[in-house]
Amino acid sequence: MYEGAVQNLIDELGRLPGVGPKSAQRLAFHLLAAETADVKRLVSALTEVKERVRFCAVCGNVSEENECRVCRDPKRDSAVICVVEESKDVVAIERMREFRGRYHVLGGAISPIEGVGPDDLRIKELMTRLSNDEVTELILATDPNLEGEATATYLARLVKPLGLKVTRLASGLPVGGDLEYADEVTLGRAFEGRRSLEF
Amino acid sequence: MYVSHLQLADYRSYPQVHLELEPGISTFVGANGQGKTNLVEAIGYVASLGSHRVANDAPLVRKGAERAIIRAAVVKGDRQAVIELEINPGKANRARLNRAPATRPREVLGVLRTVLFAPEDLSLVKGDPGERRRFLDDLLVARSPRFAGVRSDYERVLKQRNALLKSASAGLAKRRDADLSTLDVWDEHLAEAGAELIAGRLALVAELQPLVAKSYAELTSVGGPPVLQYRCSAVPDDAAHVPTGSPQLVDVLHSALRESREQELQRGISLVGPHRDDLRLYLDDLPAKGYASQGEAWSYALSLRLAGFELLRADGDDPVLILDDVFAELDAGRRRRLAGHVRHAEQVLVSAAVAADVPDELQGTRFRVHEGGVERE
Ligand SMILES: Nc1ncnc2c1ncn2[C@@H]1O[C@H](COP(=O)(O)OP(=O)(O)O)[C@@H](O)[C@H]1O
Ligand SMILES: [Mg+2]
Ligand SMILES: [Zn+2]
């Protein structure tokens, strides 16, 4: 244990995902040794992101405006919605430059272990969009792991009465992984080969 | 196949050790607590990515060290493969195969195959169903590594489903409806992965049966014959017929899940599926667990391992045979017959506290294990 402020910093850093106690300590001492100006820049980046960035009122993607860039773009196809877990998945799919539809960001996947159920995800918002919009196809692009699959199954069943075309990304994505780690070519193929879900 | 090199760093009691091994028989002799089992445990870990002694990895890392490293070279015919495993408790382990990083450790499964006999094997007969499920699953994975994926998918589904049942049974009315709406989804995944695992185990048991009977008859003339019966928790005890195909088993699991749902919700835990199944062992028509003598139980346990060895060998390549400190447990007759059974395997690694316990035909190249050092005599 270190004294007051240092230990505080270590504890806070340790709360970040993927940062264990050892890394937290390393980061803390790095910051201690860093130039004041560098640390100030980091602090203002943190403050700014909390002040300026919020979530798109339509799709839940990160955005600096009320609606995100994709939702504001009139050229995007409103008939197709691609459902993803996180904003970073939107970035991965946009990088591929093939998908011209719109997104819906759930904010995670169903995972009882972490206490995440359907009510904790932006599923009600999705249902509202589906009932209002001229949507004809829903692409379920949740992660290719168990929780992502379970979330996709759940959604497919939920929207079944609406009679939409519901598709799931083709296999070929590294199973068990995160969507964001798939390279553009693999992701492009998975989109192209997406298959209808039947229940 | 055989292991030609084994190198450990911060594994169990070993800060550093490097062994060169040959095909044929090697014997590790040293007093208790000197590190014999630690050595062969490491070889077993390379084959199965798990220890036969502990369920999690933390005890494998030497006290005070951050990670353990096992490096093993495996020779198969005229080819050699080098596996390197980094064990990081609490974090993801890492694996390299021939210097190239594997996306996940599971990719090295199947490169080395071992069959390990240990004093704990008696619990295959006398212990809980979990011991026997593990025996079957380890063998399944050794034969076809894709079952490692099936098993871990199943375990993950089970964890999620149990968490859900627990929160539903804790009964916060508001959450309960939301929880129940997703239970069907988990049922589906449980039935899919569960059926595949059960189908694999059933096929394996059918193949094991004649081999176990044969090994048992060779080890002893008392008791028997051994009869294996796989008991599905999803099928009533008195059911006339248990389907063996994966698609039918999906249906069987679904209807069992429907029937036990109320009970599962009350108790907050998954009550049907391969995690509740058992491999029942009989001697003729009596359950071995209650009726077998110590000698019969040992013969049974050895027969199960030997049958596993025969199965893997029939797939085309001798697995490395490891006999860790088992001779001290056996009488002279069983020692001799076991030795006769295994001595022609491509590589046999034997450990014993007392060299005299090891039958003559298994003496081979002698290594002395003493205070974390291993020396060839
Ligand atoms: N993680 C560990 N760190 C340091 N020592 C360990 C660790 N795990 C086990 N040991 C030591 O290894 C020894 C047991 O070695 P083992 O191989 O089981 O002995 P044996 O020769 O009887 O088979 C014990 O002395 C134990 O304290
Ligand atoms: Mg031992
Ligand atoms: Zn948006």
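These legends describe close-up views of a predicted model. Local features need pLDDT of at least 70 and side-chain atom pairs count only at pLDDT 80 or more, while totals for chains, interfaces and linings use all residues. Residues are numbered from 1 along each chain as its sequence is written, and chains are lettered from A and ligands numbered from 1 in the order in which they are written.

**View 1. The shell around ligand 1.** Ligand 1 is surrounded by 15 residues (C-beta atom, placed from the backbone, within 6 Å of the ligand). The closest are B:Ser13, B:Lys36, B:Thr37, B:Asn38 and B:Lys63. Helix H1 (residues 36-48) of chain B gives the most, with three residues. Helices are DSSP runs of H or I, at least four residues, numbered from the N terminus. The shell holds three nonpolar, eight polar and four charged residues. Ala, Val, Leu, Ile, Met, Phe, Trp, Tyr, Cys and Pro count as nonpolar, Asp, Glu, Lys and Arg as charged, and the others, Gly among them, as polar.

**View 2. Helices H5 and H8 of chain A.** The axes of H5 (residues 87-96) and H8 (residues 184-192) come within 9 Å and cross at roughly 90°. Axes are lines fitted to C-alpha atoms over the stretch in contact, with angles from 0 to 180 degrees between N-to-C directions. H5(A) and H8(A) are therefore roughly perpendicular (65 to 115 degrees). A:Ala92, A:Ile93, A:Arg95 and A:Met96 meet A:Glu184, A:Leu187 and A:Gly188; contact means C-beta atoms, placed from the backbone, within 7 Å.

**View 3. Where chain A touches chain B.** Chain A gives 11 residues to the contact and chain B gives 17. The chain A side has seven nonpolar residues, three polar and one charged.

Note on methods
Helices (H or I, at least four residues) and strands (E, at least two) are DSSP runs, numbered from the N terminus. Angles under 35 degrees count as roughly parallel, over 145 as roughly antiparallel, 65 to 115 as roughly perpendicular and the rest as oblique. Two residues are in contact if their C-beta atoms, placed from the backbone, lie within 7 Å.
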